[in-house]
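Please read it alongside the sequence and the model.

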Amino acid sequence: MQEFSSLGLSQPTLDAIEELGFETPTSIQAGAIPKLLNSESDFIGLAQTGTGKTAAFGLPLMELVDAELPYAQGLVLAPTRELCLQISNQLESFGKYRKKTRLLAVYGGTDIGRQIRQLKKGVHILVATPGRLRDLLERKAADISRIRYLVLDEADEMLNMGFRAEIDEILENAPSERTTWLFSATMSRDVRRISKNYMYEPEELVIGTVNASNKDIEHQYTIVRATEKYDILKNFIDGEEDIYGIIFCRTRRDTEKLAKMLEKDGYPAGAIHGDLNQSQRDRVMDLFRRKRVTLLVATDVAARGIDVNDITHVYHFNIPEDLNFYTHRSGRTGRAGKRGVSLILAHHREKGMIPQLERRLDIRFKHQPPPSAEVLLQRKLVKHIQGILDAPEFNILDKVLPPIQEALKEMSKEDLIYQIAASFAEKNPRYTVEHKSQPIEAGNYQRKSRDGRDSRDRGGRGGRDRRRSNNDYARLFINLGTMDLPQKGDFLGYICRSCNISGDFVGRIDMSEKYSFFDIHKTCADQVIDALDGGDYKGRPLRVNQDRPTNDRKGRRGQGGGRRR
Ligand code: AMP
């Protein structure tokens with residue numbers, strides 16, 4: 001087994017690693033560190049989340065950046081605020097015994113003025129989300145003109161989140177003689193495009209199977225009716241002894257609602273989503289880390305960057321809207337060599353997603369029927385009766401009970417136990433209902449075409465205008481136009497980021513100067529309206545509402561950009 005000391009790292013860095021408790025390098029670290037330290041070539045590292053990618057690029061980056069020079073030499077782009085903070089904290093600890101390298105994390109959703117002031121003090125390594133960095137570059141507050149090392153961390157995730165235009169812009173403006181290191185869990189077409197356009201003959205290191213998920217995760221699905229979904233989720237939770245899980249929902253509203261319902265029903269649940277301010281998020285995360293909350297209900301974006309190693313279960317209460325998100329969700333479990341379960345609660349209309357995920361990610365799903373009512377009721381009854389047996393003595397009962405004992409004297413012990421159990425079952429009807437789930441049969445699997453893609457995939461790749469003819473799309477109006485976002489790409493990126501959806505769900509976009517119409521897959525229309533309507537764009541109130549259905553719009557355009565309710 002390789003040692004950190006054989007990778008070419010300096011003694012101060014080795015001392016810092018030792019203090020962090022890292023004993024041996026992970027595969028991606030052993031493969032990447034010597035290459036990045038000794039070669040100026042561009043580099044692509046493909047590995048799942050949780051495999052130690054941050055140290056794989058962070059240790060060489062800290063070694064290579066010269067703290068004597070008074071300008072930024074390293075730039076790390078990462079998809080979320082959490083990840084930026086985690087990366088800069090880790091880099092800080094790697095550099096503990098070296099000459100002071102100045103690091104700064106910059107990200108959206110927080111005061112830009114403060115970040116500008118911090119930038120003025122000078123940095124050696126900037127860790128940034130693409131959107132905020134672009135803003136800072138536009139304001140000439142950040143300078144990347146002398147960057148020597150540019151790292152794209154979780155590149156697939158940044159592209160999924162619609163940061164494509166920002167990444168392109170940043171890469172185009174970074175000096176051409178830089179070295180680029182790209183890390184990603186999946187090699188999607190978009191990631192491949194970035195490597196083709198902006199990297200020069202990159203060396204590629206693949207850990208595990210590309211686009212495959214971690215083998216320590218058992219992927220499961222169950223088919224549920226919408227009305228039974230919540231009860232079935234609780235049954236799955238009840239069926240486990242020690243659960244420490246994340247439950248994914250699509251929208252902030254669903255996340256909040258589900259966490260409240262679980263809490264009301266006595267489960268230690270908490271919600272994390274984009275509407276929480278930082279101190280609320282920190283509070284929930286602190287409770288989760290201390291296991292006071294053991295069920296974290298989360299949106300995709302909010303859960304990214306959560307660095308907790310012993311998650312036992314990931315539940316997909318809503319199937320992810322972008323299948324690529326599945327890898328990131330399930331990657332929250334099965335970390336650091338521990339096994340985990342990732343379970344999708346799918347409606348029968350969503351059955352086709354399971355084989356699609358299998359093909360796309362090269363994983364196998366196991367059908368997992370909900371725990372049987374018999375097993376759950378028995379388990380709960382044993383606990384209930386134990387509670388009865390553990391009850392303390394009360395003197396007053398000596399006076400109260402005799403007439404009751406007299407009345408029950410004919411009743412056998414078995415009958416009495418039966419009645420106690422029946423009373424429990426009456427109060428907990430959920431444990432008396434058997435829920436069924438039928439496995440997906442071979443016939444349900446969507447038929448593959450000769451090129452191995454299924455019909456959905458092909459539909460999804462048909463381009464915006466082809467998708468536009470599909471009745472699955474709703475037409476939305478928004479009072480943002482080319483005066484705000486000059487290019488359709490900017491517009492698309494803005495919608496995807498603000499609403500936490502993939503670009504695959506956006507269809508045709510028609511922009512005027514002050515307003516636009518765009519098609520959005522019906523499954524996310526409400527989410528988009530919720531996320532944008534009533535919000536603001538650079539201080540101007542945003543209005544979003546639904547136009548007529550896409551096939552009923554003739555003559556509608558040109559009627560002005562006012563809000564129509
Ligand atoms: P990452 O994939 O960079 O997010 O790392 C996942 C987790 O593994 C983090 O908590 C790291 O601190 C930890 N880690 C990274 N490298 C090692 C290592 N060589 N030994 C032990 N833990 C590590």
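1. Among contacts between residues at least 6 apart in sequence, what percentage join residues at least 24 apart? The share is 75%, a contact being heavy atoms within 4.5 Å.

2. This is a predicted model, in which local features need pLDDT of at least 70 and side-chain atom pairs count only at pLDDT 80 or more, while totals for chains, interfaces and linings use all residues. Residues are numbered from 1 along each chain as its sequence is written, and side-chain values use heavy atoms, with hydrogens and water left out.

3. The protein has 22 helices and 20 strands, taken as DSSP runs numbered from the N terminus (helices H or I, at least four residues; strands E, at least two). Of its 565 residues, 52% are buried, meaning under 20% relative accessible area with a 1.4 Å probe, protein chains only; exposed is over 50% and partly exposed lies in between.

4. The largest nonpolar core holds 37 residues, of which Leu61, Leu91, Ile125, Trp181 and Phe183 touch the most other members. Such a core is a set of buried Ala, Val, Leu, Ile, Met, Phe, Trp, Tyr and Cys residues joined through side-chain atoms within 4.5 Å. Elements giving two or more residues to this core include helix H1 (11–20), helix H3 (53–64) and strand S6 (179–184); H3 gives the most, with 7 residues.

5. Beyond its neighbours within four places in sequence, Leu61 is in contact with Gly74, Val76, Leu91, Ile125, Tyr149, Val151 and Trp181.

6. Isoleucine 420 lies in helix H18 and counts as partly exposed because its relative accessibility is 32%.
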